[in-house]
Amino acid sequence: MSTQARVAILGFGLTGRIAALMLAERYQISVFEQAKEGAEASAGSVAAAMLAPLAESVICDEALAQQGLESMALWPQLLAQLDTPVFFQQQGSLIVAHGQDRGDLVSFQQRLKPLKDHHAEAVSGERIAQLEPDLGGVFHQGLYLPCEGQLDNQAFYQSSATTLSNRGVKVHYGVHCDEAQKARLSQAYDWVVDCRGLGAKASCNGLRGVRGEVARIYAPEVTLTRPVRLMHPRYPIYIAPKPEHQFVIGATEIESQDNGEITVRSTLELLSAAYSVHRGFAEARVLSLLAGLRPAFKDNHPKIEQQGNVISINGLYRHGYLLAPLIVKQALSKELL
Ligand SMILES: Cc1cc2nc3c(=O)[nH]c(=O)nc-3n(C[C@H](O)[C@H](O)[C@H](O)COP(=O)(O)OP(=O)(O)OC[C@H]3O[C@@H](n4cnc5c(N)ncnc54)[C@H](O)[C@@H]3O)c2cc1C
């Protein structure tokens, strides 16, 4: 008989996986996930997985952006635990605008918050061509944010599932945990870690979904080595290059609880804006068009709560990949790590 304490994790999305990885060596872990195996439905499986503390400082407060920097530094050690490698890079990101949209770039630059030891570098067309040769001659002004990075979320999902299974973590798929089930599990287990994201709405006052849509495409004619954001008055987008010429183009941000398929309008806007960055996207193949809901509280800040032996982590909004390593670690540190 194992003498390890037993922990139930509700939800096998982004935070659930990170929690399981942090706890797997010390506890007997069972995960309960409502989706069927292989039918991912979490925000984390849709996301572009960019780690952009500086760019995101434009829409969040300085303290949160600073936490993002701290959190990013935890990814390499988390990924090092995995049995199969996951693409991760920290080669900065590039912000560009077409000549007529220079005002949007200037406004973006003015709204960047000063992060300790990290700042944006204004870049000329020549420097843009040095950083990203494919964009040479297309853009004549931009910003380079050297501290930023990204990872491949699909590879992370696959690798974390395999690694956790190899470590003896049992994932029960197709189990919908409502509040009654959560209460039962809190009787049966020493600890419950609630990572249900938007699925925890009934017990999280003010939790809402913020719709986001992305296109994942294969573009053999395009080579970019780091995420590129296009400043645009109507269609601001990012292009996150993943291995083997795959690109995630995203993302819309719509105050809506609608989790239905991506709309034609969003598809046209995302792909047209990408085409304006690089003509090579014309012949790209569309691999998937996805929509998801980002779990967010009113202030768009994450929240950790504890009631008895139930620890809840939620509200990571559009910063889950950026903030989850730190937030999950903080949530588990008091009682479990
Ligand atoms: C389009 C888009 C782009 C994004 N891009 C980025 C980005 O570039 N960088 C970044 O940092 N963040 C990004 N995010 C945000 C990030 O994906 C989220 O913040 C993060 O996934 C939230 O993690 P979570 O674990 O709380 O929720 P989720 O990842 O949604 O996981 C919740 C899990 O719980 C399960 N579940 C729900 N209800 C129940 C239930 N009742 N019982 C059992 N299981 C249940 C769900 O099926 C799911 O597997 C993006 C999000 C979207 C939608």
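Predicted model: local features only at pLDDT ≥ 70, side-chain atom pairs only at ≥ 80, totals over all residues.
**Ligand shell**

I started with the residues around the ligand. There are 38 of them, and Thr15, Glu33, Ala43, Tyr317 and Tyr321 come nearest. I sorted the shell by class and got 20 nonpolar, 13 polar and five charged residues.

Next I looked up N and O atoms facing the ligand. Glu33 uses its side chain: an N or O atom there sits 2.6 Å from a ligand oxygen. With Gln34 I found a backbone N or O atom 3.1 Å from a nitrogen atom of the ligand. Tyr317 also works through the backbone, with a polar atom 2.7 Å from an oxygen of the ligand.

I then checked how much of the ligand is covered. On its own the ligand exposes 1000 Å², and the protein buries 96% of that. Which elements give two or more residues to the shell? I noted helices H1 (14–23), H2 (43–46) and H11, plus strands S2 (28–33), S11 (208–218) and S15 (285–296).

**H4 against H11**

H4 (residues 62–72) packs on H11 (residues 320–333) at about 85°, the axes being 7 Å apart. Angles of 65 to 115 degrees count as roughly perpendicular, so that is how I logged H4 and H11.

For the contact itself I wrote down Leu64, Gln67, Gly68, Glu70, Ser71 and Met72 on the H4 side. They meet Leu322, Leu323, Ala324, Pro325, Leu326, Ile327 and Gln330 of H11. By class this contact has eight nonpolar, four polar and one charged residues.

Last, I went through the backbone angles. Where is the cis peptide bond that I noted? It runs from Gly250 to Ala251, with omega near -25°. Ala251 belongs to the loop between strand S14 (246–250) and helix H10 (264–277).

I also flagged Asp117, a residue other than glycine with a positive phi, near 65°. Asp117 is in the loop between helix H6 (102–111) and strand S6 (121–124).

Terms used. Residues numbered from 1 in each chain as written. Heavy atoms only, no water. Axes fitted to C-alpha atoms, helices over the stretch in contact; angles between N-to-C directions. Helix = DSSP H or I, 4+ residues; strand = E, 2+ residues; numbered from the N terminus. Parallel < 35°, antiparallel > 145°, perpendicular 65-115°, else oblique. Contact = heavy atoms within 4.5 Å. Nonpolar A, V, L, I, M, F, W, Y, C, P; charged D, E, K, R; others polar. Near = heavy atom within 4 Å. Polar contact = N/O pair within 3.5 Å; in protein donor to acceptor, adjacent residues only side chain to side chain. Areas by Shrake-Rupley, 256 points an atom, 1.4 Å probe, with all protein chains shown as cover.
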